[in-house]
Amino acid sequence: MPIVLKGPEEIALMRQAGRAVAEVLGILRQEIRPGLMLKRLDEVVRREFAKRKVVPTFLDYQGYPARVCVSVNDEIVHGIPNSRILQEGDIVSLDLGATHRGFVGDAAITVAVGRISPEAERLVRVTEEALWEGIRAAKAGVRLGQISAAIQAHAEGNGFSVVREYVGHGVGRSMHEEPQVPNFGLPDRGLLLQKGMTLALEPMVTAGDWKTEKDPDGWTVRTADGSLAAHFEHTIAIIEGGAEVLTLP
Ligand code: MF3
Ligand code: CO
C-alpha cells in the first residue's frame with residue numbers, strides 16, 4: 001500500500017476529527033480519579049462522540065470491543081475499559097480515535113490518578129516531551145528516522161526505554177496507513193517526509209525494559225518486567241514549514 005498524500009480539504013476534515021478526539025480526551029481526563037470504574041470512560045466517549053457526530057474508530061476494529069483504550073500502570077496500550085477501579089497512585093493511558101466523514105484522528109494521553117510517585121511523574125512528563133521532540137523534528141525534506149531518533153534520544157537520555165514492538169503510523173483515510181513510524185532508529189534512515197503526509201506519532205515509554213507481553217484477553221499489552229509505561233500520541237500533518245498538530249481542541 002503506497003503512502004496516501006492529503007490535500008488541504010482532506011487535512012481540514014482530519015482537523016475536525018482530531019478536534020473531537022482532543023476535546024473528548026480533555027473530558028475523559030477530568031473523569032480520572034480514585035474509585036472510577038474504567039468502563040465508565042467508554043460511556044462518556046459514546047455520549048460525547050454522539051454529540052459531535054463522529055464515529056468511534058476503534059470499536060469493532062479487528063474485533064476490539066470498545067471506543068477507547070485504557071491502559072493502567074504496567075499496561076502499555078490496547079487495554080480494554082473493564083470493571084477495574086482506579087486507585088490513588090495509578091497512571092492511566094487513554095487512547096482515542098474518531099472518524100469524521102471518512103477521515104481519522106488518533107491521539108493518546110497518560111494521566112495521573114491522584115498523587116503519584118515522583119518516578120511515575122517523571123515518566124509521564126518525559127514521554128509527553130518525547131512526543132513533542134518528534135513533532136518538532138517532523139518537516140518536509142527530512143527523513144522519517146529523524147522523528148524516530150528524536151523520540152528515542154529524549155526517552156533514553158532520561159533513563160527510560162522505548163517500546164519496539166508497537167509503533168506509530170500513517171493515518172487519514174484509515175487508522176493505519178503506510179508508513180510505520182518507529183519510536184527508535186537512525187536519523188538518516190527511512191523515507192523522505194513530504195507535504196501532505198499525515199502521521200500518528202505515539203511514543204510508548206517504559207521505566208524498565210522495552211519487552212512486551214499480551215494478556216489472554218488478546219488485546220492488553222503490558223511490560224514483560226512489570227515496569228510502568230506511559231503513552232502520548234498526536235496526529236500531525238506535514239505542511240509548509242513544518243508539522244501541524246491535528247489533534248488539538
Ligand atoms: N492508537 C492505537 C493505534 O494506533 C489505537 C488502536 S486500538 C484498536 O494502534 F483497538 F483500535 F486496535
Ligand atoms: Co495510533
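Helix α1 (residues 8-31) packs against helix α2 (residues 39-52) in this predicted model. The angle between them is about 145°. Their axes lie 10 Å apart. The crossing of α1 and α2 is right-handed. Two packed helices are described by the angle between their axes and by the distance between the axes.

Which residues in α1 and α2 meet? From α1 come Ala20, Glu23, Val24, Ile27, Leu28 and Glu31. From α2 come Arg40, Leu41, Val44, Val45, Glu48, Phe49 and Arg52. The residues of this contact divide into 8 nonpolar and 5 charged, with no polar ones.

Next comes the ligand site. How many residues surround ligand 1? There are 13. The closest are Tyr64, Asp95, His169, His176 and Glu202.

| Residue | Atom of ligand 1 | Distance |
|---|---|---|
| Asp95 | nitrogen | 2.7 Å |
| Glu202 | oxygen | 3.1 Å |
| Glu233 | nitrogen | 3.1 Å |

Asp95 and Glu202 also belong to the closest residues around ligand 1. Taken alone, ligand 1 exposes 330 Å². The protein buries 95% of that area.

Two backbone details remain. Most residues other than glycine have a negative phi, and most peptide bonds are trans. Where does the chain have a cis peptide bond? One runs from Glu178 to Pro179, with omega near 0°. Pro179 is found in strand β8, which spans residues 177-181.

The other detail concerns Asp60. What is the phi of Asp60? The value is positive, about 75°, although Asp60 is not a glycine. Asp60 sits in the loop between β1 (55-56) and β2 (68-72).

Definitions and conventions:
Residues are numbered from 1 along each chain as its sequence is written. Chains are lettered from A and ligands numbered from 1 in the order in which they are written. This is a predicted model: local features need pLDDT of at least 70, side-chain atom pairs count only at pLDDT 80 or more; totals for chains, interfaces and linings use all residues. Side-chain values use heavy atoms; hydrogens and water are left out. Axes are lines fitted to C-alpha atoms, for helices over the stretch in contact, and angles run from 0 to 180 degrees between N-to-C directions. Helices (H or I, at least four residues) and strands (E, at least two) are DSSP runs, numbered from the N terminus. A crossing is left-handed if the near helix is turned anticlockwise from the far one by less than a right angle, and right-handed if clockwise. Contact means heavy atoms within 4.5 Å. Ala, Val, Leu, Ile, Met, Phe, Trp, Tyr, Cys and Pro count as nonpolar, Asp, Glu, Lys and Arg as charged, and the others, Gly among them, as polar. A residue is near a molecule or strand if one of its heavy atoms lies within 4 Å of it. A polar contact is a pair of N or O atoms within 3.5 Å; within protein, one must be able to donate a hydrogen and the other to accept it, and residues adjacent in sequence count only if both atoms are side-chain atoms. Accessible areas come from the Shrake-Rupley method with a 1.4 Å probe; for residues, only the protein chains shown count as cover.
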